[in-house]
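Please open the model in your viewer and keep the selection panel at hand. The stops below are meant to be taken in order.

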Amino acid sequence: MSIQQKNHAGKIIAITSLLSLGYAILRYHIVGDVSWNDFPFFIFNKGIALTAFILLILNFSIGPLKNIGINVSEGWLNSRKILGMVGFLFVLIHVFISMLLFKPEIFGKFFEENGRLTLYAGLSMLGGVLAFVLLWVYNLAFKTDFKEDQKFIDFITSRKYLLISFLFTMLHIFFMGYKGWLNPSGWNGGLPPISLLAFTFFITGYIINFIGRK
Ligand code: HEM
């Protein structure tokens, strides 16, 4: 019989999704001039990518936050597993949508005039694919019966492994966005790009992990 643990995962996921989607809508539709026709796929994809990113960062930062001495409730601690699983599911949605949208007409900045990927787009997408595969393996490792090499499984399911796989996510975000980050005069309504917000969460999560590791 399993015991139901008190957790806030549902609320955390709902609020993170609303804020992330809300930000994408504000930046691209309300202060920007992207047509609402693009909401269900192109803009939704940005919102879901940011939500996934934040949920995964919360997943590996809540424990260290408690170690630092912040008053983290049981409900937050018990939410970590669900946040990780749902974060991965949202990444999966982001990956499927991105693959369907990946064309020069939509992502002009990723392509040269001759239709080839730019160097930075290539590095960004390589980072994204590697991060995705590493996150996938992380999720699989929890469900495996493959106990011959327990040390290996322990490593794959560790916070250290997740932190390493997130370095690739950082490459994904960095090479995609850093040129835009350096040009605030070009930001829609003065609002920072989603990739920069994600990068800020990334740095904050890493600092918390660095200080609060055990
Ligand atoms: C096969 C793997 C992946 C592919 C093909 C991919 C593709 C893309 C593309 C094409 C964009 C640009 C979206 C846009 O500007 O509208 C993007 C942005 C983004 N991706 Fe990924 N991605 C992958 C993996 C990941 C992973 C593992 C994460 C981690 C959560 C992630 C998080 C993000 C975030 C936060 C953005 C920023 C959205 C923005 O600035 O608008 N991606 N990705």
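This is a predicted model: local features need pLDDT of at least 70, side-chain atom pairs count only at pLDDT 80 or more; totals for chains, interfaces and linings use all residues.

Residues are numbered from 1 along each chain as its sequence is written, and side-chain values use heavy atoms, with hydrogens and water left out.

**The iron site.** Select the iron atom of the ligand together with His 94 and His 172, whose NE2 atoms coordinate the iron at 2.0 Å; donors here are N, O and S atoms within 2.8 Å of the metal (3.2 Å for Na, K and Ca), and since water is not among the atoms, sites may look incomplete. The pair links distant parts of the chain, since His 94 belongs to helix H4 (residues 80-101) and His 172 to helix H7 (residues 159-181), 78 residues apart; helices (H or I, at least four residues) are DSSP runs numbered from the N terminus. His 94 has a relative accessible area of 19% and is buried, and His 172, at 13%, is buried as well, where buried means under 20% relative accessible area (1.4 Å probe, protein chains only).

**Along H4.** Select H4 next and compare its length with expectation: its 22 residues should span 32 Å at 1.5 Å a residue, and the end C-alpha atoms lie 31 Å apart, which agrees; the expected span is 1.5 Å times one less than the number of residues. Its buried residues include Leu 83, Phe 88, Val 91 and Ile 97, and among the elements covering the buried residues of H4 are helix H1 (9-30), helix H2 (39-68), helix H5 (119-143) and H7.

**Two last residues.** Which residues does Leu 101 contact, leaving aside neighbours within four places in sequence? They are Phe 41, Phe 42, Asn 45, Ile 106 and Phe 107, and Leu 101 itself is buried at 7% relative accessibility. Finish in H7 with Ser 165, which is buried at 1% and touches Ala 131, Leu 134 and Leu 135, not counting residues up to four places away in sequence.

Key: Helices (H or I, at least four residues) and strands (E, at least two) are DSSP runs, numbered from the N terminus. Buried means under 20% relative accessible area, exposed over 50%, partly exposed in between (1.4 Å probe, protein chains only). Contact means heavy atoms within 4.5 Å.
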